Amino acid sequence: MIVAAIVATAVVTAGITALLANIIQRQGEAGDSFTKVVDLDDTIADPAVWGQNFPAQYESYLRTKEMTPTVHAGSVKEERTATETDPRTIVSTSRIEEDPRLKDMWAGYPFSVDYRHARGHAFMLEDQRFTLRVLDFKQPGACLNCHASTVTIMDELGNGDREAGFQKMNQMTYADATQLAEHPVACIDCHDPETMQLRITRPAFEKGITAAKKAEGIADFDVNRDATRQEMRSYVCAQCHVEYYFEKDTKELTFPWTKGLNIDDIWEYYQEDGHKDFTHATTGAEIVKAQHPEFDIWSQGIHADNGVSCADCHMPYEAEGAKKITNHQIQSPLLNINASCMTCHRATEEEMTNRVVGIQDQFIGTRDRAFDSLVQLIRALETAQTDGTPAEAIDQAREFQNKASFFLDYVYSENSNGFHAPAYIQRILADSLDASRKGQLVLQGVDPASLEASDISQANRKAAEERES
């Protein structure tokens, strides 16, 4: 019994010793944020160099090259033969071939010629350089803002003054500006090289979010000084995933947020500013082209209301030994539901998938009705120009086409297929449908004044706006 007790004690002691050693090792791993291999500063844009200090993050960043579709989104590979002007042998499938209604909506604009599903961040510069929208049309250097690592470019163009460099890059031709770019958006664009803290490097977003905060009653907001870390986990994404336009003369990349982030605020801004992106090729309507307002729409949804950031879902935390790191693959949450969704939701992965796909199915159903109605308005306008319809009615219908097109384009180009703010997006589609309907009616001789919202509708809308504020 004595021998057995000694052996048992020895086993227990060894186990405790091993456990303590493991705890100490893990504590050491967790306490060591990274192993410094190279010195980093704002002159180093190459993510491979940053990856020497942060190999796990860099490894997941490289996986943005993967093309993995979901039910309603993602990239499906399409093989092609390389040409002298386009060396790519793999691209993603064409959206305008999948849905020719896009050609009707954007007739006369480069997107009606070439518009494909987006591939991962690793391809963002390559795919921009070789799209027909760039090869066949003259584009400004401002386009580079969201497709390339531009910190070093702006700093060099401005001799250390990033704002001045930003202005110079905007005014260059894309053909000249892209020659200065070596990498797609990478580490330097979102992280301080000394502290690794998230930061904003794009002047357009700095100005835009300051204007948006002012509209909320927050004066003198400096995003790099005042934003919380959790806010920055969305703001760094919002440097690009937003609605924007180029100023007519300077080509400055500008966010239309001085009245707020709601689409009604943005539409009012454009109406007052008078900005138009193109003249529709068959109807003559002056059209505002929406971009990719993921941040704008997310900000109106339940996840934003509950403090859930873009990174929480698209770049979830994962374990690397004892460390908690952010996954930099930047993909659909549906491809990593356990890490992206299950930290908050108490449901099975199948239930979460079905919930998301169900929301997207509903969105596509309503979107199709809005799309069909817009195309019908376009056809009616094409006919009206030759059948003796009064010019005043045609002009009024063109204005309705502009609104119907922008509101539909706004949610189509947003890329979540209705998920980021489902109820809000359904309302936007209803407004698009309403504008298409009114445009068709005025071409039939209906007095536009009779199409104004009823007193009850206006009162309900006002009450809802007051509750929001």
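**Surface, pocket and salt bridges of the predicted chain**

The protein chain exposes about 23,400 Å², of which carbon and sulfur atoms supply 52%; accessible areas come from the Shrake-Rupley method with a 1.4 Å probe, and for residues only the protein chains shown count as cover. The model is predicted, so that local features need pLDDT of at least 70 and side-chain atom pairs count only at pLDDT 80 or more, whereas totals for chains, interfaces and linings use all residues. Residues are numbered from 1 along each chain as its sequence is written, and side-chain values use heavy atoms, with hydrogens and water left out.

The secondary structure of the protein chain comprises 22 helices and eight strands, taken as DSSP runs numbered from the N terminus (helices: H or I, at least four residues; strands: E, at least two). Along the principal axes, the C-alpha atoms fill a box of roughly 110 × 50 × 50 Å. Of the 469 residues, 46% count as buried, where buried means under 20% relative accessible area, exposed over 50%, and partly exposed in between (1.4 Å probe, protein chains only). Among contacts (heavy atoms within 4.5 Å) between residues at least 6 apart in sequence, 65% join residues at least 24 apart.

Q401, found in helix 20 (residues 391-412), counts as buried because its relative accessibility is 1%. Residues up to four places away in sequence not being counted, Q401 touches H280, T283, A285, I287, L374, L377, I378 and L381.

On the surface, V113, L132, L135 and F137 form a nonpolar patch with about 270 Å² of accessible area together. Patches are made of residues with over 30% relative accessible area and no salt bridge, like charges being joined within 9 Å and nonpolar side chains (Val, Leu, Ile, Met, Phe, Trp, Tyr) within 5 Å.

At least two lining residues are supplied by each of helix 11 (203-215), helix 13 (229-235), helix 14 (263-273), helix 15 (294-298), helix 16 (302-305), helix 21 (422-443) and helix 22 (455-468).

In the pair R101 and D99, the closest N and O atoms are 2.9 Å apart, and both residues are buried. R119 is bridged to E126 at 3.1 Å between the closest N and O atoms; R119 is buried at 12% relative accessible area, whereas E126 is partly exposed at 31%. R119 and E126 also belong to a network of salt bridges that links R80, D86, R88, R119, E126 and D127. Within helix 21, D434 and K438 lie four residues apart, about one turn of the helix, and their side chains meet in a salt bridge (3.0 Å, N to O). D434 is partly exposed, with a relative accessible area of 25%, while K438 is buried at 14%.

Conventions. Salt bridge = Lys/Arg side-chain N within 4 Å of Asp/Glu carboxyl O.
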